[in-house]
Amino acid sequence: MKKQFSLSNFKLVVAMLVVMWSVHLMASVTGIAFSQYGLVPWDTSRLYGIITYPFIHGDWQHLIGNTFGLLISGYLASQLPCFKRSTVVIFILTGILVWLFASFAIHIGASGVVMGYFGFIMGSAIFRRNVWSFVIALALLAITQYFQISLVGTLFSFDESTSASSHIFGFISGCVAAYLFRGVGRPTKRAVS
């Protein structure tokens, strides 16, 4: 069966980007500090941050960087089976892990989701072991190399201004999603009599 690139699942990524840009534009126009809706580890009064924090960004550079990363990794991840279910796993599991194990700070930004898609793509290549998963993984590596983006460098960035926890836990969540859905969409073996 011949696979072709499709835009069908990518609409979910576009919807996320529309929300992110709308939130940041509203913050810029009104002066509302949306960072208050970020994720604060071990703060039970702000559990909503597990879902809201990827949609909030500190400045335009932060938003543009994550937009670029989501466009690349999100588009390629959307070509794999179980993309929507994997997105839910990445969002929720990354948020829970950051809430449980990250350093005390306000965590914001979609880089955890970007790294989640990176993990999902690489995990799919490992766990599915089919040509299409390898093509997607190679495409991601080639595109990021062309644009001189170091996903591995970003994954292990411990700069003060970045949430290293979001990056690492996002990647782990993506790998978990790839493992959970590794058998979905595979052709079943027919019994030979």
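## Ser173 in helix 8

In this predicted model, Ser173 has a relative accessibility of 0% and therefore counts as buried, since the cut-off for that class is under 20%. Ser173 belongs to helix 8, and a polar atom of its side chain lies 2.8 Å from the backbone oxygen of Phe169. Leaving aside residues up to four places away in sequence, Ser173 touches Val89, Ile90, Leu93, Thr94 and Leu97.

## Helix 5 against helix 8

Helix 8, which covers residues 164-180, packs with helix 5, residues 111-128, at an angle of about 35°, and the two axes are 6 Å apart. The crossing of helix 5 and helix 8 is right-handed. Among the residues that make the contact are Gly112, Gly116, Gly119 and Gly123 of helix 5, together with Gly170 and Gly174 of helix 8. Sorted by class, this contact of helix 5 with helix 8 contains nine nonpolar residues, 10 polar residues and no charged ones.

## Aromatic pairs

Across the whole structure, a search finds 12 aromatic pairs. One of them joins Tyr37 and Tyr48, whose ring centres are 5.9 Å apart and whose planes stand at 55°, so the pair is tilted. Both residues lie in the loop between helix 1 and helix 2, so the pair ties together parts that are 11 residues apart in sequence. Tyr37 is partly exposed, at 36% relative accessibility, and Tyr48 is also partly exposed, with a relative accessible area of 36%. Ring pairs link Tyr37 and Tyr48 with Phe34 into a cluster.

Another pair is formed by Phe55 and Phe91, which is tilted because the planes are at 35°, with the ring centres 5.7 Å apart. This pair links distant parts of the chain, since Phe55 is in the loop between helix 2 and helix 3 while Phe91 is in helix 4, 36 residues apart. Both Phe55 and Phe91 are buried.

Definitions and conventions: Residues are numbered from 1 along each chain as its sequence is written. This is a predicted model: local features need pLDDT of at least 70, side-chain atom pairs count only at pLDDT 80 or more; totals for chains, interfaces and linings use all residues. Side-chain values use heavy atoms; hydrogens and water are left out. Axes are lines fitted to C-alpha atoms, for helices over the stretch in contact, and angles run from 0 to 180 degrees between N-to-C directions. Helices (H or I, at least four residues) and strands (E, at least two) are DSSP runs, numbered from the N terminus. A crossing is left-handed if the near helix is turned anticlockwise from the far one by less than a right angle, and right-handed if clockwise. Contact means heavy atoms within 4.5 Å. Ala, Val, Leu, Ile, Met, Phe, Trp, Tyr, Cys and Pro count as nonpolar, Asp, Glu, Lys and Arg as charged, and the others, Gly among them, as polar. Buried means under 20% relative accessible area, exposed over 50%, partly exposed in between (1.4 Å probe, protein chains only). A polar contact is a pair of N or O atoms within 3.5 Å; within protein, one must be able to donate a hydrogen and the other to accept it, and residues adjacent in sequence count only if both atoms are side-chain atoms. Rings of Phe, Tyr and Trp (its six-membered ring) pair if their centres lie within 6.5 Å; planes under 30 degrees apart count as stacked, over 60 as edge-to-face and the rest as tilted.
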